[in-house]
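Biologist: I want a close look at a single part of this model, and at what lies against that part. Please keep the answer connected, and give the cut-offs as the terms come up.

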Amino acid sequence: MIYFLTLSLSFPVDNFYTNIGIVEKQWIKVLENIKEQVTPANYRTWFSQTSCDPSSNGTLIINVPSAFIKDNLSKRYLPLLQSAVESIYGRNFPIDFK
């Protein structure tokens, strides 16, 4: 005899976490856009280890692994980032690095 146990979980879905999932999917599209515009070495060096979080004030927070990468992205690649973000999201967002 085989018994199946079905559990019904009921909990509210936090809108913040839902937004994080959407932002992560959109960030992957932004990275794909950037990947088409830079060399593979530049993509690996500057973009491959980034992630993105939403903030409550409408700013895209780009998480970077080091201050060195943060400085280079903000100084050398900010226009590219802004263009890629606008092409995927349909509008500009302020960008901050963390």
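How many bridges join E1 to E2, and do the two run parallel or antiparallel?

Modeller: Four bridges join E1 to E2, and the two strands run antiparallel. The model is a predicted one, in which local features need pLDDT of at least 70 and side-chain atom pairs count only at pLDDT 80 or more, while totals for chains, interfaces and linings use all residues. Residues are numbered from 1 along each chain as its sequence is written, and side-chain values use heavy atoms, with hydrogens and water left out.

The chain has four helices and three strands, in the order α-α-β-β-α-α-β along the sequence. Helices (H or I, at least four residues) and strands (E, at least two) are DSSP runs, numbered from the N terminus. Two strands count as paired if DSSP finds at least two bridges between them. The three strands form an open sheet in the order E1-E2-E3, with mixed pairing. E1 and E3 stand at the edges, each with a single partner strand, so one side of each has no neighbour in the sheet. The twist averages 30° from one strand to the next. E2 is joined to E3 by three bridges, and these two run parallel. In general, strands of a sheet pair through backbone hydrogen bonds, either parallel or antiparallel.

Now the pairs. Serine 51 has asparagine 63 in E2 as its bridge partner. Aspartate 53 stands opposite isoleucine 61 in E2. Toward E3, leucine 60 stands opposite isoleucine 95.

Next, the faces of the strands. In a regular strand the side chains alternate between the two faces of the sheet. Buried means under 20% relative accessible area, exposed over 50%, and partly exposed in between (1.4 Å probe, protein chains only). In E2, Leu60 and Ile62 point one way and Ile61 and Asn63 the other, yet all are buried. Over the chain of 98 residues, 33% count as buried.

Not counting residues up to four places away in sequence, leucine 60 touches Cys52, Asp53, Val85, Tyr89, Phe93, Pro94, Ile95 and Asp96; contact means heavy atoms within 4.5 Å. Tryptophan 27, under the same exclusion of residues up to four places away, touches Thr50, Ser51, Cys52, Ile62, Leu81, Val85 and Tyr89.

Helix H4 lies across E2 and E3 and runs at about 125° to E3. Axes here are lines fitted to C-alpha atoms, for helices over the stretch in contact, and angles run from 0 to 180 degrees between N-to-C directions.

Then the core. A nonpolar core is a set of buried Ala, Val, Leu, Ile, Met, Phe, Trp, Tyr and Cys residues joined through side-chain atoms within 4.5 Å. The largest has 23 residues, of which Trp27, Ile34, Phe47, Leu73 and Leu81 touch the most other members. At least two residues of this core come from each of H1 (15–35), H2 (40–47), E2 (60–63), H3 (67–76), H4 (78–89) and E3 (95–97). H1 gives the most, five residues. In soluble globular proteins, nonpolar side chains tend to be buried together.

H1 also holds asparagine 33, which is buried because its relative accessible area is 17%. Leaving aside neighbours within four places in sequence, asparagine 33 is in contact with Ala84 and Ser87.

Last, the helix H3. Serine 74 is found in H3 and is partly exposed, with a relative accessible area of 30%. The C-alpha atoms of serine 74 and aspartate 96 are separated by 8.8 Å, although the residues are 22 apart along the chain. Across the whole chain, residues 24 or more positions apart account for 57% of the contacts with a separation of 6 or more.
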